[in-house]
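Hi there,

Here is the structure I promised to send over. Please have a look at it first; my notes follow below.

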Amino acid sequence: MFDREIRGQLAMLMGGRAAEQLTCAAVSTGASDDIKRATDLALRSVSEFGLSAAVGPLNVSVLAAGSDDGAWLMRDNGKMATLVEAEVKALLAGALAVAVCVISANKAIHDGLSALLMRQERVEGDALARWLAEVEVPDVLRQYVLEGALPTPDELQ
């Protein structure tokens with residue numbers, strides 16, 4: 001999987017939470033499985049696939065395998081573990097922010113599909129294709145997926 005695909009997957013997986021933030025009075029546990037999958041993917045991209053500039057092109061678990069108890073991660077006072085966690089959080093926060101932007105840019109589509117799904121259980125095939133043909137792809141999504149650029153606070157408004 002390419003780094004662009006990973007970032008695209010992360011943004012997609014955070015879509016449910018983003019939709020809740022935009023449309024519900026409170027967030028629920030409904031997106032928990034997607035958040036779990038996104039966290040796992042972000043962690044693997046940083047600690048296994050070597051796709052973090054801050055951590056570098058290394059596999060943290062191979063380094064940790066040198067000790068039986070994983071103490072390697074703590075021998076530098078936990079700096080590597082802290083760095084990995086910070087990188088994972090940044091990826092997930094960026095993906096969530098991008099997902100919020102995508103849903104906001106496509107509010108009419110989101111609202112229309114939500115209303116339709118309240119009336120019927122599924123939307124698929126040609127009916128779904130017609131809705132999706134109208135989706136706007138914001139620049140912030142392109143920049144995140146293609147370049148790895150995290151959105152700035154100005155882009156989030």
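C24 is partly exposed, at 39% relative accessibility (that label covers values between the buried limit, under 20% relative accessible area, and the exposed limit, over 50%, with a 1.4 Å probe and protein chains only). By contrast, C101 counts as buried, at 12%. This is a predicted model, where local features need pLDDT of at least 70 and side-chain atom pairs count only at pLDDT 80 or more, while totals for chains, interfaces and linings use all residues. Residues are numbered from 1 along each chain as its sequence is written, and side-chain values use heavy atoms, leaving out hydrogens and water.

In case you were wondering about disulfides (pairs of cysteine sulfur atoms within 2.5 Å), the structure holds zero. For C24, the nearest cysteine sulfur is that of C101, 18 Å away, which is too far for a bond.

Now to the inside. Setting aside neighbours within four places in sequence, V84 is in contact (heavy atoms within 4.5 Å) with L43, V46, S47, V55 and V60.

Lastly, V137 sits in the loop between α7 (125-132) and α8 (139-147), and is partly exposed at 38%.

Best wishes

Key. Helix = DSSP H or I, 4+ residues; strand = E, 2+ residues; numbered from the N terminus.
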